[in-house]
Each structure stands twice: as structure tokens, then as C-alpha cells.
Amino acid sequence: MDAKTKKLNIITAIVVALVLAITALVTAIAVSSVSSYYIVVNKNGGAVSTTRTPTKEEVEALKVPEGVVDVVYDTDGSTDDLFALAYLLASGEKLNCKAVFAAPFTDGKTYLPSSGVQKSYKAINGVLSLCMRYDLTDSVYKGADSFLPDEENAVDSAAADRLIELSAGYGGDKRLFVVCTAALTNVASALLIDPTLAERVTVVWLGGNSFNSENNRENNTYKDVAAARVVFASPVPLVQIQCDGVASGFYMTSEEAERSLSKNSAINKYLCELVRSNAADPYEWSRVLWDVTAIGWVLNEGSRFTEETIALAPTPEYNDKYSFSDNAKFYKYVYKIYRERLLADMFEKLNTYD
Ligand SMILES: [Ca+2]
């Protein structure tokens with residue numbers, strides 16, 4: 001073999017090696033981009049996969065926001081909501097609370113959504129007062145006094161109107177974050193009144209159960225399935241923190257509350273008393289602070305509190321299951337909560353109140 005042939009062989013070998021390496025790399029990227037967006041559901045409604053990938057804009061809109069962001073909080077004022085509200089208001093380094101919306105609910109003592117919204121409104125104002133956030137007194141709005149009648153008609157309310165009004169200055173990279181830890185009635189109504197709202201806000205919702213739960217019969221879902229369906233079908237960027245199987249791991253014991261809420265402030269005393277008085281029996285040592293996880297997500301820079309993934313959005317069905325379609329939008333769901341880290345941040349923030 002002469003020197004020229006030897007050189008040619010070496011060049012050929014390098015080119016072949018490069019082509020093989022590039023092929024392997026392209027295949028790896030293709031495989032990872034496909035498998036990243038699979039959803040596999042064992043129990044709660046079926047399974048779906050897709051070869052579509054989200055656009056850059058979709059991925060950006062679903063990211064935990066960087067820097068200080070404006071938020072509104074839509075809440076039904078139960079015990080965990082009030083922890084979440086006090087935590088949100090103490091997170092001013094990151095979250096600028098523009099408004100709080102009272103959401104409708106019903107339970108064993110509250111038979112009508114219209115009564116529920118009044119109770120939510122009262123509970124929100126009680127926490128604002130204990131947190132001495134009198135600057136927000138005029139920023140609390142009552143939501144819908146009934147759940148959606150169907151998927152086409154909104155229930156008008158001061159909250160829905162205010163959300164649309166507030167969203168005017170947002171869009172593109174600067175979104176208004178709508179954190180909802182209740183039935184999605186107010187958010188869905190605002191989207192039905194003004195579908196362009198989807199271009200200006202990102203919705204973070206605590207609701208629905210995990211895909212491997214037996215069913216999707218979860219309080220924030222089944223009270224207003226129509227509202228959930230409107231929001232999941234809308235192009236609005238959506239982050240779901242699922243309840244059973246995900247947020248259910250974010251529990252706090254009474255002992256942890258008593259020991260860690262060490263500052264003797266009015267809000268800490270109130271929250272501790274709520275935990276004590278809501279315990280059904282003396283052996284109810286812990287309670288789940290579901291709604292705090294939704295505030296945790298907006299504070300989740302560097303994935304310090306939650307782990308999440310982009311997937312095809314499911315559709316909440318009226319039969320308490322999810323269904324799936326390859327045509328669905330991409331959304332984000334949380335599959336893991338770092339309990340101690342989130343609890344520690346919440347306790348530290350709550351201990352800043354005088
Ligand atoms: Ca709630």
C-alpha cells in the first residue's frame with residue numbers, strides 16, 4: 001500500500017466514523033424527543049403516546065418563571081388554602097400578588113356554591129387581616145355563585161371580569177400566573193368570556209388525580225367537570241399538580257406545625273388552631289396541605305420543590321376518568337414533591353410575620 005492509498009483509507013475511515021456518530025446522535029435525539037412526551041396510563045382512563053413535540057413557545061410558556069412574577073390566586077378558603085395564601089403573601093421576593101379570587105365550593109356544611117363563595121371571601125379577608133396585608137383589601141373579588149351550567153356558557157362574576165381586566169398588560173414572555181386551588185369555575189368563565197386570555201396567562205391548577213389513581217373523582221374536578229374541560233381544551237398554558245398520588249405526599253403533622261411555626265404571630269396561632277380544630281380524632285396526626293404545592297410550583301426555580309414533565313394534556317371526563325387524544329395540547333404535570341424542602345420554605349416564610 002503506498003502512502004497515498006494509506007492516507008485515503010484513513011480519511012475514509014474518519015468520514016465513516018463521523019457519519020456513524022452523527023447518525024447515532026440524531027437517532028438518540030429523535031428517540032429521546034419521542035419518549036419524553038409519552039404518557040402511559042395504567043388505570044385512570046387508557047394510554048396515549050405521540051410523536052409530536054411541543055414548540056419552543058409552548059415549552060417557554062410552561063417553564064417555572066424566572067425573577068419576580070405577578071400572580072393572582074383563586075381559592076376556596078379551606079385550611080390548606082389559607083396556609084397557601086399566607087405563604088404566597090410572605091413570598092414577596094418572587095411573587096407579586098395582584099388579586100385574590102374567592103372560588104365557589106360545596107361540602108357537607110355548605111350546600112350551595114353561592115354560600116361557598118361567600119365563605120371563601122370571608123376566609124380570604126380573615127387571612128389578609130391576620131397577615132396585616134391591608135394593601136390587598138380592595139384586591140379580593142368574589143367569584144361565580146354557581147358552577148358552570150355547560151361548557152359553552154360562562155358564569156359572570158367580579159373575579160372573572162377582574163382577571164380579564166388585569167391580564168391586559170401581559171403576553172409573550174411576560175405572563176400573569178393564575179394559581180387556582182379550587183374548582184376551575186372562575187378561570188373557565190374568564191376564558192369563555194374572552195378566549196384571548198389564553199395568550200396572556202399561565203394557569204397553575206391543583207386538581208385531578210394522578211394517572212395511576214383508580215379514578216379522577218377529585219374535589220376540584222368533579223364539582224365542576226365542565227370548567228376543567230374548558231381549561232384543559234383551551235390553548236392556555238396549563239400546569240397541573242395532581243392530588244391523589246402526587247400532592248397527597250405533601251403532608252404536615254400537628255407536631256411539625258406546633259414546633260416549626262415558632263413565631264408567636266396572629267397568623268401562626270390561627271393556622272395552628274385550624275390544624276388542631278380540623279383534626280377529626282385525636283389520632284389524626286397529619287394533614288395534607290394540598291394547595292401549598294401549587295404556590296410551591298411558582299417558586300420552583302431549580303426544581304427545588306417539585307419535579308415535572310411535559311406531556312399531552314388529558315381530558316377530564318364526566319365519568320370520573322381521563323381520556324386522551326393525540327390532538328391534545330402539550331401541558332405540564334408535576335409527578336413529585338420534595339416534602340421537607342417545601343415545608344421548610346413555608347415555615348420560614350410564615351415565621352416572618354409579626
Ligand atoms: Ca382549595
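**Close-up views of a predicted model**

**View A. Strands E1 and E4 pair in parallel.** In this predicted model, strand E1 (residues 69–75) and strand E4 (residues 176–181) are joined by 5 bridges. Within this pairing, the residue that stands opposite Val72 is Val178 in E4. Strands of a sheet pair through backbone hydrogen bonds, in either a parallel or an antiparallel manner.

**View B. An open sheet of 8 strands contains E1 and E4.** The strands follow the order E3-E2-E1-E4-E5-E6-E12-E9, and their pairing is mixed. From one strand to the next, the twist averages 25 degrees.

**View C. Helices H3 and H4 cross at roughly 40 degrees.** Two packed helices are described by the angle between their axes and by the distance between the axes. Here the axes of helix H3 (residues 79–89) and helix H4 (residues 113–130) come within 10 Å. Because they cross at roughly 40 degrees, H3 is oblique to H4. The crossing of H3 and H4 is right-handed.

**View D. Residues of H3 and H4 form the contact between the helices.** Helix H3 contributes Leu82, Leu85 and Ala86, while helix H4 contributes Ala123, Ile124 and Val127. Classified by residue type, the contact of H3 with H4 comprises 6 nonpolar residues, with no polar and no charged residues.

Note on methods: Residues are numbered from 1 along each chain as its sequence is written. This is a predicted model: local features need pLDDT of at least 70, side-chain atom pairs count only at pLDDT 80 or more; totals for chains, interfaces and linings use all residues. Axes are lines fitted to C-alpha atoms, for helices over the stretch in contact, and angles run from 0 to 180 degrees between N-to-C directions. Helices (H or I, at least four residues) and strands (E, at least two) are DSSP runs, numbered from the N terminus. Angles under 35 degrees count as roughly parallel, over 145 as roughly antiparallel, 65 to 115 as roughly perpendicular and the rest as oblique. A crossing is left-handed if the near helix is turned anticlockwise from the far one by less than a right angle, and right-handed if clockwise. Two residues are in contact if their C-beta atoms, placed from the backbone, lie within 7 Å. Ala, Val, Leu, Ile, Met, Phe, Trp, Tyr, Cys and Pro count as nonpolar, Asp, Glu, Lys and Arg as charged, and the others, Gly among them, as polar. Two strands pair if DSSP finds at least two bridges between them.
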